[in-house]
Amino acid sequence: MRFLYVFLLAVGISLPVQAANLTERLSEVDKSKAAAEQFISSLQNQALTTLTAEDYLVLSVSYQTVNNRDAALDAASKAEQLATTPYLQALSLFHKAQIHGIYFQNAEMALQQLLAAEQLLLNSDEQPSLRLLNDVLRSFASAYNLLGQLATGLEYAERSLALARQLGEPSRELTSLIISGRLALQDNQYQRAFYYLQQGLTLANQLQDFESLASIHFRLGMAFRKLDLHQDALEHFQQAAERYRALDLQSNYTHALIYLAETYLEEPVQAEQAQLLLEEARHIAEQQQNLLRIAMVNYSLARTALVQQQLAPAEQLYQLALQQFRQINSATYLQEITLALARLYIQQQRYPEAEQLLADIAPDINAAATYLKLRFYNNKSDLAAARQRWQTAYLAQRPAMQLAQQEQSEQLRSSMAQLKGGLTDNNQVSQQSAELKQLQLQLAAAESRQVLLQLLLVGLIFTAFVIWQLYRRQLPVATTTPAPELAPKQWSQFREKVKQTNQRTAPHLIVLLPRNRTLLQQKYGRRCVSELLEQVRQQLNLPEVTASFSGSEMLWLCCDDEQKLPQLQQQAIALLEQKLTELGANPELLTLNLPLQDLLGEHWQKEDLNGLAELVWLCWYLAGQQLNSGSLWQLVVYSSHPRPCEWQADNLRADILNALKLGELTLQLNGNQLSFQL
């Protein structure tokens, strides 16, 4: 009986003791690069079969500390495989989510891991499991923030705050207060944001948590900047930057530098100072290979160029940042930079391009933050007026005015809430009262002015643009034009037709090519392959083929009927095999099936199709590494989620390889999973 009691007691305390020991080990390698390197070295001579899930978790954090993200992800996956308890399995999933979210900037993959971890933890009342659940909830908030789903992110942040208070752990409460304030602020919920940040500031001072104090100063800088109190914003950003630099938190320091620069840009005369800060931020971000920070710097440098009236460099930087934000799938930044680029195109009278950009983000704009919706409707109204579509301009201006009124009223009310909340010293009560009365008068005046503005603004938009249209007829045509297409005219037409097909169905592309192209050209002439492919293309003039293109290397077919796809592919293969045989050549072919909406997402640009050629070349290379593949290589590409790559990225090959490594892209060769070493 005594033995049974001791056994039950041991089982009851095993998880807390195990978690405490593991937490100490993780903390040691997380805080010290030397400790991380020492742990990695200590395992080099140890048999892998002796390593436990705990060892692999410590190894994963060690690799994160030395900035080796691939090895960190591999170690976390092995920890998950070896986990013997739900807690260890959930902890492994949590670390995988952190690596996907922070190092690979892949919020969707991070969410998949977090969902699995949450399910393992929900029914446990053990303290370590509750603490881990608290971390998971906060990570949910960060992931949804990256995806631009601010309301959902705030719900998770507030759940994490409630759980932290239930645990009675002030440090966890402080972290949850900061992220709750951050999300409320990004959604322009100023009163809510100040409420959380004020509590966080008090708690951080009590705990002497200098990193959290830096974070709160940073958030307050963002708040004052949104309220157009730029001097106050600069002071808070400078405090945040100094604290982050002292703590050697380079990524956070870079973030503070970017927002310092953005605040300086509010005064055009300070653009050079902003550029110096951004160059320093870019240098650090590139050293750390932090794609999100690099994209943010490029966005801010584009704004700097725009302030300095350097329109061509501004557009190039906007386009570069847009590609980078697509690569990390950051919805909020994507919407923000798309709207900025659309505004530039409207100013340059490049109306079709501006219209396409607005159409790209229109489906998701109602779920966006208030300031983004306001910019969207202002752009839409101005574009419609510039194109003399007066009814559309009027309909777009109505929600824009409502959003502007809502934002202005919220700013003034939040300023009053800030004063009431006691962010200033107690000996300034009389000054606060005077300021409060002044703000109340401002609010009343602002609300009364809105009625007049609503009546005048619609009239002004018509009058201004009518006068402008009359005036511009006397001006020479603008010289700024889009860059000419580098691809042949036939390829451009093919892309247009594929884009049109995508608007009514989910098309597939079939790519077909002879693998011995060089030998054929050497033996039968340079035009041999292009003529063969063109003959096959003409013979496949079928209703299900909505677009086709044959070049000197590949035949591209767009099929709008998934049921007829296999038959079409076999028909194309048979035709090309027949023509090669008639020529006396070996019919060694490669064919790919590319599901467009899986690879490119639902809303894509026609330029994305150019990037699929890179995927074809890489698939060809990987298939060639296999033994006994036969004369016909039939490849199918699968994607675990829409748009796993940024198809217009400069480093597209690296992006595709990364997606293959993470399992976001998988390949089948002749019906079998394609295995390879990357």
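Helices here are DSSP runs of H or I with at least four residues, strands are runs of E with at least two, and both are numbered from the N terminus. By that count the chain has 28 helices and 7 strands. The model is a predicted one: local features need pLDDT of at least 70, side-chain atom pairs count only at pLDDT 80 or more, and totals for chains, interfaces and linings use all residues. Residues are numbered from 1 along each chain as its sequence is written, and side-chain values use heavy atoms, with hydrogens and water left out.

I will begin with the chain as a whole. Of its 678 residues, 50% count as buried. Buried means under 20% relative accessible area, exposed means over 50%, and partly exposed is in between, using a 1.4 Å probe and protein chains only. For contacts, the criterion is heavy atoms within 4.5 Å. Among contacts between residues at least 6 apart in sequence, 66% join residues at least 24 apart.

Asp55 is found in helix 3, which covers residues 53-65. Is Asp55 buried or exposed? Asp55 is buried, with a relative accessible area of 13%. Which residues does Asp55 touch, leaving aside those up to four places away in sequence? They are Arg25, Phe39 and Thr50. With Arg25 there is also a polar contact of 2.9 Å between the two side chains. A polar contact is a pair of N or O atoms within 3.5 Å; within protein, one must be able to donate a hydrogen and the other to accept it, and residues adjacent in sequence count only if both atoms are side-chain atoms.

Helix 3 also packs with helix 4, residues 69-82: their axes come within 8 Å and cross at roughly 165°. That angle makes helix 3 roughly antiparallel to helix 4. Axes are lines fitted to C-alpha atoms, for helices over the stretch in contact, and angles run from 0 to 180 degrees between N-to-C directions. Angles under 35 degrees count as roughly parallel, over 145 as roughly antiparallel, 65 to 115 as roughly perpendicular, and the rest as oblique. The crossing of helix 3 and helix 4 is left-handed, a term for a near helix turned anticlockwise from the far one by less than a right angle, with right-handed for clockwise. On the helix 3 side, the residues that meet helix 4 include Tyr56, Leu57 and Tyr63. Their counterparts in helix 4 include Ala72, Ala75 and Leu82.

The loop between helix 3 and helix 4 holds Asn67. Asn67 has a positive phi of about 65°, although it is not a glycine. At a relative accessible area of 41%, Asn67 is partly exposed.

Next, Ala384, which lies in helix 19, residues 370-386. Ala384 counts as buried, at 5% relative accessibility. Not counting residues up to four places away in sequence, Ala384 touches Arg389, Thr392 and Ala393. Ala384 and Ala396 are 12 residues apart in sequence and 8.6 Å apart in space, C-alpha to C-alpha.

On to the cysteines. How many disulfides are there? With a disulfide taken as a pair of cysteine sulfur atoms within 2.5 Å, the count comes to 0. Cys558 is buried, with a relative accessible area of 0%. Cys528 is also buried, at 9%.

Last, helix 28, residues 652-661. Its buried residues include Leu652, Ile656 and Leu660. The buried residues of helix 28 pack against helix 4, helix 16 (311-328), helix 27 (608-624) and strand 6. Just after helix 28, Gly663 takes a positive phi of about 80°. Further on, Asn670 lies in the loop between strand 6 (665-669) and strand 7 (672-673). Asn670 has a positive phi of about 50° although it is not a glycine, and it is partly exposed, with a relative accessible area of 33%.
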